[in-house]
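Here is a short briefing for a first look. Please view the sequence and the structure before reading on.

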Amino acid sequence: MDIAAGERTVDLIRSAVARTARPEVVGGIGGFAGLFDASKLTGYRRPLLATATDGVGTKVMIARRLGVYHTVGIDLVGMVVDDLVVCGAEPLFLTDYVVCGRVTPERVAAIVAGVADGCVMAGCALIGGETAEHPGHFGPDDFDLAGAATGVVEADRLLGPDRVRAGDAVIAMASSGLHSNGFSLVRHVVDQAGLSLEASLPELGRPLGEELLTPTRVYARDCLALAGGCDVHAFAHVTGGGLAANLARVLPRDAGVVLDRATWSPPAVFGVLAERGGITGPEMEGVFNMGVGMVAVVAASDADRALGLLAARRVPAWQAGEVAAGEGTARLVGRHR
């Protein structure tokens, strides 16, 4: 690795990382490991540590083609911390890993600045990371990034299938767009249909590339606020596999959910991909989030309170269905508005 470029990169990201610091963070970047004061956990009766890791997938290839690197850092945080919050865990800290064919300090700094912005949104600290150079493995302009985060939840507040009951309301929270899943299919459609990333599409009202790079919505703080103010039984983060498959992951074996498509209209980008790519409805719903990035399963008596709380936090949300007797599956019915 170019040592001078590495040192320049650390200098450029130092202030961005500092913006994410929580009181528990010990020291700064530059050491061999990030430090977090675990005495915070002494305030818990029985703290459970939660951990998650993820990446951004081939969305990074769209970022590289457009030369826009900040948004994928936010994507990374959303994909990781919103998995943590599904069990009710508060994200505490995150570490990232950026690998390039050739380290360009300004590009890495833009990526990490995005990660830092995502951490601020999530309320977690960016306490360390690694920037690597892999010539011969990656092309000079290629890069990838991944991250891992740790959170904590009180054992008796752990969310999941054991809490879900028939009659619970299923609250859908709007996605900001594609988030970070299905981009291999997205790129196939773009290339096969001869679409320009720089050109505006009338359906979108802005350049296609700008739409595709819309960062993942970070729900962590909103979900924690919802769990603190309402009787939440489970969350489901809608990522690879789509809405029904991810919701089924938090259902007990004796329950099922029917979701009504008529309760929402997917953002226009999904229609563009389906039409220009000739993608069937079932395939679209099995790959993309179709406009729902997070789901909350709440006690029926708290459904209106949950919707009011989310509205106050400016998170578009609606009731899309309810839990009934079933076999641990979720399915969609009807037609979108």
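An open sheet of 4 strands shows mixed pairing, in the order 3-6-4-5. This is a predicted model: local features need pLDDT of at least 70, side-chain atom pairs count only at pLDDT 80 or more, and totals for chains, interfaces and linings use all residues. Residues are numbered from 1 along each chain as its sequence is written, and side-chain values use heavy atoms, with hydrogens and water left out.

**The sheet**
- Strand 3 (47-55) and strand 5 (125-133) are the edge strands, each pairing on one side only. (Strands are DSSP runs of E with at least two residues, helices are runs of H or I with at least four, and both are numbered from the N terminus; two strands pair if DSSP finds at least two bridges between them.)
- On average, neighbouring strands of this sheet are turned by 15° against each other, direction ignored. (Axes are lines fitted to C-alpha atoms, for helices over the stretch in contact; angles run from 0 to 180 degrees between N-to-C directions.)
- Strand 3 and strand 6 (residues 143-154) run antiparallel and are joined by 9 bridges.
- Threonine 53 has alanine 148 in strand 6 as its bridge partner.

**Helices on the sheet**
- Helix 3 (residues 70-84) packs on the sheet and touches strand 3, strand 4 (90-100) and strand 6. Its direction makes about 30° with that of strand 6. (Contact means heavy atoms within 4.5 Å.)
- Helix 4 (residues 105-122) lies across strand 4, strand 5 and strand 6, and runs at about 165° to strand 4.

**Nonpolar cores**
- The largest nonpolar core has 58 residues, and Val81, Phe143 and Leu178 are among those with the most contacts inside it. (Such a core is a set of buried Ala, Val, Leu, Ile, Met, Phe, Trp, Tyr and Cys residues joined through side-chain atoms within 4.5 Å; buried means under 20% relative accessible area, exposed over 50%, partly exposed in between, with a 1.4 Å probe and protein chains only.)
- Another core, of 43 residues, lies apart from it and includes Val170 and Leu310.

**Aromatic rings**
- The structure holds 4 aromatic pairs. (Rings of Phe, Tyr and Trp, the last by its six-membered ring, pair if their centres lie within 6.5 Å; planes under 30 degrees apart count as stacked, over 60 as edge-to-face and the rest as tilted.)
- Phenylalanine 36 and phenylalanine 93 form a tilted pair, because their ring centres are 5.0 Å apart and their planes are at 45°.
- Phenylalanine 36 is buried, with a relative accessible area of 17%.
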